[in-house]
Amino acid sequence: MQKTEDHILVIFGASGDLTRRKLIPALAELLKLKMLPDRFAVLGIGRSKYDDGSYRVMISKHLGDRSGILPLLHYHSMDPEDGDAYSGLADRLKRLSKELQIAPNYIFYLATPPLLYGSIPRLLFAAGLTKEGEDRWRRIIIEKPFGADYLSASGLNRTLLSTLSEQQVYRIDHYLGKETVQNVLVTRFSNGIFEPLWNRNFIHHVEITASESLGVGSRGGYYDHSGALRDMLQNHLLQLVGLVAMEPPTVISSDAIRNEVLKVFQSLRPITGDQVSKQVIRGQYMASHVRGEAMEGYRSEKGVPEGSRTETFVAMKLFIDNWRWGGVPFYLRTGKRLPTRVTEIVVHFNSSPHSLFGQQEGGTGKGNALVIRIQPDEGILLKFGMKVQGAGFKVQEANMDFHYKDLTDSYIPEAYQRLLLDCMQGDSTLYARGDAVEAAWRFVDPILKAWQENHDIPLHGYPCGTWGPEIADQMIEGEDHTWRYPCKNLADDGLYCEL
Ligand SMILES: NC(=O)c1ccc[n+]([C@@H]2O[C@H](COP(=O)([O-])OP(=O)(O)OC[C@H]3O[C@@H](n4cnc5c(N)ncnc54)[C@H](OP(=O)(O)O)[C@@H]3O)[C@@H](O)[C@H]2O)c1
């Protein structure tokens with residue numbers, strides 16, 4: 001384990017939901033595991049009027065038995081939009097460094113609404129707080145979403161990079177912090193058996209699903225401006241595509257890995273014009289009964305306008321135009337109010353060239369599949385054909401599977417734990433680089449534009465508790481294959497229709 005240098009972690013948005021539910025608990029875990037530096041403090045920033053004591057009391061309600069972190073928490077009340085307030089912040093940091101004998105290394109974590117992601121770094125710079133020196137480093141972590149389209153993302157990059165170096169900027173994609181996402185790289189590049197098959201000659205298609213069983217809950221107002229394409233596919237799902245499809249990096253270093261991910265994004269075949277309605281299906285959940293329980297439709301959720309046309313489901317067929325993947329379809333889907341919460345990657349291999357044990361003898365007729373389960377029940381499963389005992393050569397599909405939970409020393413840290421620790425150690429491998437974020441937006445932008453401008457592109461309704469609009473099934477089924485369904489539709493009623 002690399003030694004983490006002493007520093008102060010400054011969290012903007014410290015009174016918010018993310019800080020309470022994710023960031024402080026992740027720090028508390030790191031403390032328990034003795035992974036925080038010997039001299040370390042958190043300085044929470046917000047307009048809310050707390051002092052150190054009352055802030056600790058507020059946070060303690062969310063920590064359960066992990067209260068060891070509380071003495072390390074401090075609070076400084078200020079409006080992050082007020083430029084004059086930053087000299088006060090600089091003084092507070094100086095005092096804290098001196099009192100606690102912490103070297104003047106700072107991480108600024110921006111856990112505020114995204115409209116402040118450009119202005120806070122600019123004001124920090126103006127107050128001299130992002131300037132590095134021999135004896136000090138300064139880093140900035142930016143939460144998602146990083147822009148709402150190509151223009152805003154590239155504008156934000158320009159703003160950040162006008163006062164900071166790329167090495168100082170850490171763009172969060174919390175999927176990359178998940179152990180099992182990182183395991184995609186290890187599975188591919190530490191095993192001699194997969195990589196020779198990992199290309200267009202042996203792989204028929206790849207499926208990536210990230211489903212949620214919950215609806216938008218209290219975040220309807222935020223979600224309605226975003227939608228599934230922006231909220232999940234542009235970032236998390238494309239990052240998974242990047243890891244599945246990238247070439248082996250020459251070394252395991254931040255730049256080497258992120259260079260290869262960028263090349264994948266640059267090779268995505270643009271989906272434009274007529275192709276949008278053929279290759280991208282959008283849907284919105286409608287009221288239904290799931291196991292007898294009534295579920296509200298999206299348009300009845302709090303904060304969602306009555307006639308909203310925001311998609312809560314998106315399925316996409318995409319191609320990567322390079323030598324490894326030419327002609328191999330990648331199918332992505334994500335949505336809310338689906339039957340279960342699961343994220344998995346399924347690599348479908350070609351079926352054997354000559355079917356010796358054909359369908360009539362009970363053969364599955366399908367190729368092998370490798371399922372990489374990101375969450376829950378993290379693990380890897382290989383599907384293959386096995387002889388049914390007894391006379392003849394009947395074949396049945398069998399699973400060779402590994403579950404992380406079966407490891408005796410199994411411990412899967414929360415994504416934020418790993419990401420915070422990496423930033424503390426100056427390792428940005430698991431953070432998105434500016435050019436890759438822009439390339440991902442460049443791919444998604446024409447789809448957003450087509451949806452906005454062409455009202456003939458349908459928005460399909462799907463009942464809560466189903467796997468999205470039926471038409472999304474046809475996108476794969478049309479080619480003799482189906483999505484993998486980790487569980488069946490759960491809706492008792494409901495109609496699929498165009499909204
Ligand atoms: N919550 C999650 O699970 C989650 C997950 C992934 C990403 N994120 C991202 O992380 C960021 C923070 O999320 P959150 O849910 O914690 O947000 P939040 O609760 O809405 O906001 C965080 C804090 O920001 C401050 N704030 C709000 N509006 C402000 C304004 N106009 N000017 C200055 N300060 C303002 C508030 O503190 P004061 O009133 O005390 O200033 C608030 O407590 C968001 O950008 C979100 O997209 C959140």
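In the predicted model, helix α1 (residues 17-32) packs against helix α11 (residues 415-424) at an angle of about 75 degrees, and their axes lie 8 Å apart. Angles of 65 to 115 degrees count as roughly perpendicular, so α1 is roughly perpendicular to α11. On the α1 side, the contact is formed by Lys22, Leu23, Ala26, Leu27, Glu29 and Leu30. These residues meet Tyr416, Gln417, Leu420 and Leu421 in α11. By class, the contact of α1 with α11 comprises seven nonpolar, one polar and two charged residues.

The largest nonpolar core contains 125 residues. Within this core, Val10, Ile11, Tyr109, Leu110 and Phe265 touch the most other members. Helix α8 (residues 228-245) gives the most to the core, contributing 11 residues. At least three residues of the core come from each of domain 1 (7-143) and domain 2 (176-413 + 434-498).

The surroundings of leucine 110 were examined individually. When its neighbours within four places in sequence are left aside, leucine 110 is in contact with Phe12, Leu116, Tyr117, Ile120, Ile140, Ile141, Ile142 and Glu143.

Glycine 273 lies in the loop between α9 (254-266) and α10 (275-279). Glycine 273 and leucine 238 are 35 residues apart along the chain, and their C-alpha atoms are separated by 21 Å.

How values were computed:
Residues are numbered from 1 along each chain as its sequence is written. This is a predicted model: local features need pLDDT of at least 70, side-chain atom pairs count only at pLDDT 80 or more; totals for chains, interfaces and linings use all residues. Axes are lines fitted to C-alpha atoms, for helices over the stretch in contact, and angles run from 0 to 180 degrees between N-to-C directions. Helices (H or I, at least four residues) and strands (E, at least two) are DSSP runs, numbered from the N terminus. Angles under 35 degrees count as roughly parallel, over 145 as roughly antiparallel, 65 to 115 as roughly perpendicular and the rest as oblique. Two residues are in contact if their C-beta atoms, placed from the backbone, lie within 7 Å. Ala, Val, Leu, Ile, Met, Phe, Trp, Tyr, Cys and Pro count as nonpolar, Asp, Glu, Lys and Arg as charged, and the others, Gly among them, as polar. A nonpolar core is a set of buried Ala, Val, Leu, Ile, Met, Phe, Trp, Tyr and Cys residues joined through C-beta atoms within 7 Å. A residue is buried if 20 or more other C-beta atoms lie within 10 Å of its own, exposed if 12 or fewer, and partly exposed in between; C-beta atoms are placed from the backbone. Domain bounds come from an automatic or database domain assignment.
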